[in-house]
Amino acid sequence: MHTSRDRFLDVVRAGAILAVIAQHWIMPVLSYSDGHLATGNALATPGWWVVTWLSQVMPLVFFAGGAANLISFRRAASTRQWLAGRIKRLMVPVLPLMAVWLIVPDFLRGLGVPPQPLQVGSAIAAQLLWFLAVYVLVVLLTPLMVAAHRRWGLKVPLVMGAAGILVDVARFNDFGYIGYANAIFVWVAVHQLGFHYVEGRLGSLTRRGALALSAAGFGVTASLVAFGPYPASMIGMPGAPVSNMSPPTVLLAFLAVGQIGLLLAFRPQLNALAARPGIGDALGWLGARFMSVYLWHMPALIVVAGVTVYGLGYETPAPGTVFWLVMAPAWFAACGMVLFGLLRLFAHFEMQRDTAVATAKVPQLVAAGLMVSGGLLGLAAHGFAPLSDGIARGPVPWVVLATAGFLLAGKQIPVVDLLGRAVTVSERATLPGLKR
């Protein structure tokens, strides 16, 4: 088992979030006229679907999350302490996002922004909360999945993958809504692969073995696309009858195997890259702000698009043209500067470290996590509509639900020794009543 910080996981996490940002910033094809914002997706360009086989990195996020969760769970003083810390760590960066976007839509309406572009921006600002909604559920399942991993090993992700296949069979035979069950089966299976990197054969694969694994994963993915009902793009496309992401299909589990194997094949090189002082510092900076970067990179895009497309009449060039290639760096630079400014304002929420010990019992923490997940999922589905449209129909009920879950999980007391010094995590395990 890994006992020191794993640089490979740091590189995977950093690479994944950078790929997410790049994909989201490169995708929009925008123009504005007569109160209507026309939106398109550059990756819908014929042949560009192949990019999504590498740029769709949510499988890698769940893989790295599984590895990190197992390591931290093994070190935790108790299950409830781990659950409380994880729920709080995930939810704290969301609080300023919700606070800002409860106000912004009405502010923009007051400035005269028409309803349709306002609706598009408000929906995009909340859209990515789906990941946190699902990830919180995965966190809640982690203690059970760790026990299953200890008892059944590799059989666990195999069974989850088989369940994912059955769900897809039902989904493509007129039981469409059952497909959302794969939000658990697919992502928990990939999360479980992270366990096998920390405590299993994945962590000790040779380069040849890793490349064979990658070839198998991408090979099955290609076969299912060629001969099955799955689209070639690994992200949802405008007007497409089927999406591999919403809800997720089992195809993403096989894609995960291909991507994980490919990265493991070059793990020595990635570790050497992470060991360089400048790169190591950058990984540390990004790792401390991971959730904030994820949450605020779309609002940064909204700001840039609002100023240039809505405010100045800029129209995105046709994807792949020379003008598009010339303008893309400037677009990225503008989004990057806005994101950096937003991080200066809001990233410190995520970077705060807590020395409190949870007093809530595990059932209470599970209820809290379910409330947080439900609230975030509601926001992702409905967006941040203006409050002037009606409190009950807008984001307020979902914000209240998620915040109530956070408060329910956050009932904590500081642990202080006789000298009044905050006790560290490692010391808590030695204190009476705080062991698992």
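I take contact to mean heavy atoms within 4.5 Å. The model is predicted: local features need pLDDT of at least 70, side-chain atom pairs count only at pLDDT 80 or more, and totals for chains, interfaces and linings use all residues. Residues are numbered from 1 along each chain as its sequence is written, and side-chain values use heavy atoms, without hydrogens and water.

**Entry 1: helices 11 and 12**

Leu 263, Leu 264 and Ala 265 of helix 11 touch Arg 267, Pro 268, Gln 269 and Leu 270 of helix 12. I sorted these residues into 5 nonpolar, 1 polar and 1 charged. Nonpolar covers Ala, Val, Leu, Ile, Met, Phe, Trp, Tyr, Cys and Pro; charged covers Asp, Glu, Lys and Arg; the others, Gly among them, are polar.

**Entry 2: helix 10**

Next I checked helix 10, residues 207-227. Its buried residues (buried is under 20% relative accessible area, exposed over 50%, partly exposed in between, with a 1.4 Å probe and protein chains only) are Ala 210, Ser 214, Gly 217, Phe 218, Thr 221 and Val 225. Down the axis they fall within an arc of 85°, so they line one face. I took the arc from the directions from the helix axis to the C-beta atoms. Their cover includes helix 2 and helix 11. On the face turned away I found exposed Arg 208, Ala 215, Ala 226 and Phe 227.

**Entry 3: Thr 316**

I found Thr 316 in the loop between helix 14 and helix 15. Thr 316 counts as buried, at 13% relative accessibility. Leaving out residues up to four places away in sequence, Thr 316 touches Pro 28, Val 29, Leu 30 and Trp 324.

Technical notes. Helix = DSSP H or I, 4+ residues; strand = E, 2+ residues; numbered from the N terminus. Expected span 1.5 Å × (residues − 1).
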